[in-house]
Amino acid sequence: MKYEIGDLVLSNAGRDKGSFLIVVGVLDNNLVFLADGKSRKIEKPKLKKIKHISKINVKSTLICDKIKCNEKIPNALIRKEIERIKEEL
């Protein structure tokens, strides 16, 4: 499964099991950088193997656009996007 910047994922393993995170970077086909704005801030995202996450078929276009334009993303915005997307599910 291919992951892209802005995808909402659910952690299946580790201390953050059961939490929602947003993909903020893709290292290769097996590793992605994740942030949730609380325990994993955008300044220090979590590097996680894709076998330990599940893709939710929702994408945050706001986060994706800001990352692609090299704009600074506040952690509060990541938290708000995750909450907004969770309410839509």
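Some ground rules come before the tour. Since the model is predicted, local features need pLDDT of at least 70 and side-chain atom pairs count only at pLDDT 80 or more, while totals for chains, interfaces and linings use all residues. Residues are numbered from 1 along each chain as its sequence is written, and side-chain values use heavy atoms, with hydrogens and water left out.

**The sheet**

Let's start with the strands. Helices (H or I, at least four residues) and strands (E, at least two) are DSSP runs, numbered from the N terminus. Two strands count as paired if DSSP finds at least two bridges between them. In general, strands of a sheet pair through backbone hydrogen bonds, either parallel or antiparallel.

Here, five strands make an open sheet in the order E4-E3-E2-E1-E5, and the pairing is antiparallel. Strand E4 (46-49) and strand E5 (53-59) are the edge strands, each pairing on one side only. On average, neighbouring strands of this sheet are turned by 45 degrees against each other, direction ignored. (The axes behind such angles are lines fitted to C-alpha atoms, for helices over the stretch in contact, and angles run from 0 to 180 degrees between N-to-C directions.)

Now zoom in on E1. Strand E1 (residues 7-11) pairs with strand E2 (residues 20-26) in the antiparallel sense, over three bridges. On its other pairing, E1 runs antiparallel to E5, and four bridges join them. Leu8, meanwhile, has Ile22 in E2 as its bridge partner.

Why is E1 described as largely enclosed by the rest of the structure? Because four of the five residues of E1 are buried. "Buried" means under 20% relative accessible area, "exposed" means over 50%, and "partly exposed" is in between (1.4 Å probe, protein chains only).

**The pocket**

Rolling a probe the size of a water molecule over the atoms shows where empty space is left. The search runs on a 1 Å grid over the protein atoms alone: a pocket is an open set of points with protein on both sides within 12 Å along at least five of seven lines, whereas a cavity is a set of points where a 1.4 Å probe fits but cannot get out. Lining residues have an atom within 4 Å of a point. Grid points are joined across faces, edges and corners, and a volume is the space filled by probe spheres set on the points.

The largest pocket holds about 150 Å³ of space. Its lining includes Asp16, Leu21, Arg40 and Lys46. Sorted by class, the lining has two nonpolar, three polar and six charged residues. For that sorting, Ala, Val, Leu, Ile, Met, Phe, Trp, Tyr, Cys and Pro are nonpolar, Asp, Glu, Lys and Arg are charged, and the others, Gly among them, are polar.

Arg40 sits in the loop between strand E3 (31-35) and E4. Arg40 and Leu21 are 19 residues apart along the chain, with 8.7 Å between their C-alpha atoms. Lys46 belongs to strand E4. From Lys46 to Gly25 is 21 residues in sequence and 9.8 Å in space, C-alpha to C-alpha.

How many disulfides does a search of the whole structure find? The count is zero, where a disulfide is a pair of cysteine sulfur atoms within 2.5 Å. The sulfur of Cys64 lies 9.1 Å from the closest cysteine sulfur, in Cys69, so they are too far for a bond.

Over in helix H2 we find Glu81, whose C-alpha atom is separated by 8.1 Å from that of Ile63, 18 residues apart along the chain. Asn70 is in the loop between helix H1 (61-68) and helix H2 (75-88). Most residues other than glycine have a negative phi. Asn70 is not a glycine, yet has a positive phi of about 55 degrees.

Here is how accessible these residues are:

| Residue | Relative accessible area | Class |
|---|---|---|
| Cys64 | 6% | buried |
| Glu81 | 7% | buried |
| Lys46 | 26% | partly exposed |
| Arg40 | 27% | partly exposed |
| Cys69 | 53% | exposed |
| Asn70 | 72% | exposed |
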